[in-house]
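Have a look at the structure first, then read on.

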Amino acid sequence: MLIVEHRAFHLYREDAYREYCWSVDAYGAYQPASFIYLCFEAFRDACTEYGLQLVYRSADTMQQHFPWRCERDSVSEKAPHRGLILRIEGDEDVAAATEALHEGRNVIALIPSELLGLFYPKDDARMERAKANIAKIGANPRDWEFRSLANAWIPVRWVEIETDMPGRLFVTRDAFLSDGYFMKGYGYSDDNLAQIKALIQAFACFKSNLLRMSYRNTVNSWPTGEPLTVLVDVWNHGPDLTQALITLNIGREFEPLSPLDRKIPPLRSLERASFALQVVPRVDGDMSLMIGATASLPEGRSCQVVFAPLRLSIVPAVGSSQRSSAPEDDPTLKRLVAVFRDAQMLSEVESLPELVRVDTRACLNRIRVLTERIVLQVLDKCSITCRDKNLAAGIATLRDEHVVSARAVSYLHTIRVIGNIASHAASEPLSEADVRIVSYALACVVEEFMDRRLL
């Protein structure tokens, strides 16, 4: 998500309601639902649809009154801000907006009409100061009401002020983005909602090239040795893009099974491209899959890439649980040898009892390769096309086409999982017991193939 600093109180409806209740208790004031037009929670939620995350940043005095706001947004503090939303009242607001625009951040400058009309209805000096400062950022104060409470009959409108700075500047009234204009019976209408969403869309597009990466199927944990496929969306938050090349940087604990360089097709603003990234975690522990990404454009033009570090808890291979109670062959692999003798394929396994005593991993790898060859042979005999010529795809095809029983599929996966551990550098130890488990599983599978006349 692109982080947007929100300084206009109140970002959260809860905070606005707290202040409303305090005002009523302290002064006996009757302010029916006024807090609805002073909070931006619904606007905040609408922004997430366009990849924007609003976080609260306030003056020290407001932090003292509402410390929980900072606690809610503490996770996002490390990320650079890409936008700023604030009411324009004093010189400090003009300075903050100007600084943000110089830094390339987009800015929504709010006319403080609801604030002035509700809390300062007789403070003419404060209103004139707000008008003067609105003029300093390039907006015409005569075009806006500065002391007018929200009215359901007033349509939402906004303007973009052209500047020579890297950021984009938008101006609208504070009440127009408040929760009141998202609620039926208050300021909501289809036209008003369309105007608000049009503003968010414009606010989410930047003058400079900017790509954002998001993940469609994030997971919390994954076993070692098992292929993990992550669907990555690349969103264009800059001008129309003709082409780009993204280079992904993944943690060294992961082995990539798909390219880390990806060509991005032409994208208009706020369009996306998607691709699948497949990796295999090799060690267990808490770690980040995505740790960086860069993009290159034609003619050496610069392009920023914003991504969220995808953290995973990598657990020991699922083979651990499978091996704890799985049936085993005897130390001489007697069952496997007997089955393959009956299948007239004894030469495939007759050296395995000796190999297991010399090199456990090599023996497991041999059995896995043999299993893959047999599975693909069975599929060919059944005239079934397998999309990928590997064991995982072969097992899936056997299952989907109902060629073998669920029992045989489970044994095939046992061979695949333990064989994968043996084939790659993993932190999990292996022993002769693992060979006996895999030997028993392969014997059962070949027996079923023979019973079904598939071999």
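Let's start with Asn192: leaving aside neighbours within four places in sequence, Asn192 is in contact with Ile154, Pro155, Val156, Tyr181 and Gly187, where contact means heavy atoms within 4.5 Å. Asn192 sits in helix 8; helices (H or I, at least four residues) and strands (E, at least two) are DSSP runs, numbered from the N terminus. With a relative accessible area of 5%, Asn192 is buried. The cut-offs here are under 20% relative accessible area for buried and over 50% for exposed, with partly exposed in between (1.4 Å probe, protein chains only).

Some ground rules before going on. This is a predicted model, so to speak of local features a pLDDT of at least 70 is needed, side-chain atom pairs count only at pLDDT 80 or more, and totals for chains, interfaces and linings use all residues. Residues are numbered from 1 along each chain as its sequence is written, and side-chain values use heavy atoms, with hydrogens and water left out.

As for confidence, pLDDT is the predictor's own score for each residue, from 0 to 100. The protein chain averages 88, and 91% of the residues score at least 70.

**Aromatic pairs**

Back to Tyr181, one of the contacts of Asn192. Rings of Phe, Tyr and Trp (its six-membered ring) pair if their centres lie within 6.5 Å; planes under 30 degrees apart count as stacked, over 60 as edge-to-face and the rest as tilted. By this rule the count comes to eight aromatic pairs. Here are two of them:

| Pair | Centre to centre | Angle between planes | Class |
|---|---|---|---|
| Tyr37 and Tyr181 | 6.3 Å | 75 degrees | edge-to-face |
| Phe170 and Phe203 | 6.2 Å | 80 degrees | edge-to-face |

The tyrosine pair links distant parts of the chain: Tyr37 is in the loop between helix 1 (13-27) and helix 2, while Tyr181 is in the loop between strand 6 and helix 8 (190-203), 144 residues apart. Both Tyr37 and Tyr181 are buried. Ring pairs also join Tyr37, Phe176, Tyr181 and Tyr186 into a cluster.

What does the phenylalanine pair tie together? Phe170 lies in strand 6 and Phe203 in helix 8, so the pair connects parts that are 33 residues apart in sequence. Phe170 is buried at 0% relative accessibility, and Phe203 is buried at 1%.

**One face of a helix**

In helix 2 (residues 41-48), the buried residues are Ala42, Phe43, Ala46 and Cys47. Seen down the axis of helix 2, they fall within an arc of 145 degrees, so they line one face of the helix. That arc is taken from the directions from the helix axis to the C-beta atoms.

**Two open sheets**

Two strands pair if DSSP finds at least two bridges between them. Strand 10 (residues 244-250) and strand 15 run antiparallel and are joined by six bridges; Ile250 has Met290 of strand 15 as its bridge partner.

The other open sheet also has three strands, in the order 8-17-14, but here the pairing is mixed. Its edge strands, strand 8 (221-223) and strand 14 (285-288), each pair on one side only. Strand 14 and strand 17 (residues 311-315) pair in the antiparallel sense over four bridges, and Ser288 has Arg311 in strand 17 as its bridge partner.

Which peptide bond is cis? The one from Phe9 to His10, with omega near 10 degrees. His10 is in the loop between strand 1 (2-6) and helix 1.

Then there are non-glycine residues with positive phi. Leu333 has a phi of about 55 degrees and lies in the loop between helix 9 (319-324) and helix 10 (334-342). His402 has a phi near 55 degrees, and its place is the loop between helix 13 (391-400) and helix 14 (406-423). Buried or exposed? Leu333 is buried, with a relative accessible area of 1%, whereas His402 is exposed at 66%.
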